[in-house]
Amino acid sequence: MKVLVIGAGLGGLALAQGLHRDGIDVQVFERRSDRTVGLQGYGLHLNEAGCAALQECLAPATWSKIDAIAGYAGSTAGFYDHRLRRLTRVGNGRQGSRRSISRLSLRELLLDGLPAQRLHWGREFERYEPLPDGGVRAHFVDGSHADGDLLVGADASNSQVRRQYLPDVNRQNTGVLTLAGRTPFTADVAAALPAEILDGTPNSIVPAGPGWMFVCAWHTSTHLPAEHSADSSYVVWAYVAGQAELPADVTRQTPTDLRDLVLSRIQTWSPALSTLVGGCDIDSVAPVRLRSMPELAPWTSSNVTLMGDAIHNMTPMAGVGANTALRDAAALRRALSDVTAGRLDLVTAVAAYETEMRGYANPAVTTSLRNARNAGKAARLPRTAFRILLRVADKVPPVKRAMFAA
């Protein structure tokens, strides 16, 4: 069996690692010209499912390298009012199960051990066609092509594979926009913010009126080797609002103007939050329109499939996008192992993967979309009621369990 993977993101590379370990001929095609062009330097948090998926796909030695450089994140998620008074905190995984790692470092480690002949840089996907023998041919913009038994679209949220395969499945504009940046983890920032906000947990700042703020610290490991030390510890923040509540030209404003806009919106909030935003790395500040895939209905399976943002792109408001892509890699690898073992034919195995994937991806998409829309609402009465409910939940465990049931 030969598998063609379009896209060398985290999910596609994790899948390639797993298939390579299984002795399956896997070829990865990436439109970027090499392994460093156009990469984002932000860190990410690996949850328990993401870590398990990586361990399943990777050679033990590769996972050990990840384990050695990944820091630990907290095991809760917090809600605070705009004065940083606690509303409630909820469980967010087992203690020690959430890890923080540089996206660049993780990608480098996912590339390690893959033979050069399996990685094809500068190959932008154009279209695919079914072959008479039951295979599939991928065509690239440079006029080249590659033939395989299975084509996997791992080519991110604007997936060209999805546009051809499932043309009616498209991302939706949520009407919500974030103004996001990151601030170095300085002594002033650490002194101003509550310690439980700075342990790597995701935190929501919920005012009584318009706006919402997301705050999450990212920490390098104390054992980070020199070759992985480009990213120091920092705090990611994002001011969230309905696009109608922001200036019409907000997506064209300079980073300085965006920072000042956020500062103007939070001037009556806790001074610590103004310190956080005011001390940001100005080049990191950018507007992001939040888009989301709809709930995925079943489709007729074939020898073309999709994974990661290519099929279940979601808002960042649940913090599980990358982890869900890694789960895809492990699930698809397991399905294809049934093919090589003779237990299933290829299309039946792909159908099993897609059914499993929709089972965990749809709830994640739904949660992240709901969170984004709630954060973007400006009406005072529903927001006040939500804050009251959070305070009640903090005192009454059954209410908290009902509100935050998985």
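A polar contact is a pair of N or O atoms within 3.5 Å; within protein, one atom must be able to donate a hydrogen and the other to accept it, and residues adjacent in sequence count only if both atoms are side-chain atoms. In this predicted model, local features need pLDDT of at least 70 and side-chain atom pairs count only at pLDDT 80 or more, while totals for chains, interfaces and linings use all residues. Residues are numbered from 1 along each chain as its sequence is written, and side-chain values use heavy atoms, with hydrogens and water left out.

**Helix α4**
- S102 caps the N-terminal end of α4, with a side-chain oxygen 3.2 Å from the backbone nitrogen of L104; helices (H or I, at least four residues) and strands (E, at least two) are DSSP runs, numbered from the N terminus.
- Within α4 (residues 103-111), the buried residues are S105, L106, R107, L109, L110 and L111; buried means under 20% relative accessible area, exposed over 50%, and partly exposed in between (1.4 Å probe, protein chains only).
- G113, which follows α4, has a positive phi near 90°.

**Nonpolar cores**
- A nonpolar core is a set of buried Ala, Val, Leu, Ile, Met, Phe, Trp, Tyr and Cys residues joined through side-chain atoms within 4.5 Å.
- The largest core has 70 residues, of which V3, L54, L106, L151 and L336 touch the most other members.
- Helix α10 (residues 321-340) gives the most to this core, with eight residues.
- Beyond its neighbours within four places in sequence, L54 is in contact (heavy atoms within 4.5 Å) with L46, W63, I66, L106, L110 and L326.
- A second, separate core of 29 residues includes Y80, V189, L193 and V277.

**Sheet**
- Seven strands form an open sheet with mixed pairing, in the order β6-β5-β14-β15-β16-β13-β17; two strands pair if DSSP finds at least two bridges between them.
- β6 (86-91) and β17 (286-292) stand at the edges with a single partner strand each, so one side of each is left without a neighbour in the sheet.
- Strands β5 (residues 76-80) and β14 (residues 203-205) run parallel and are joined by three bridges, with Y80 opposite I205 in β14.

**Salt bridges**
- The structure holds 14 salt bridges, each a side-chain nitrogen of Lys or Arg within 4 Å of a carboxyl oxygen of Asp or Glu.
- D394 pairs with R86, the closest N and O atoms being 2.9 Å apart; D394 lies in helix α12 (residues 380-395) and R86 in strand β6, so the pair ties together parts that are 308 residues apart in sequence.
- R334 forms a salt bridge with E356, with 2.7 Å between the closest N and O atoms.
- R334 lies in helix α10 and E356 in helix α11, so the pair ties together parts 22 residues apart in sequence.
- Salt bridges that share partners join E56, R334 and E356 into one network.
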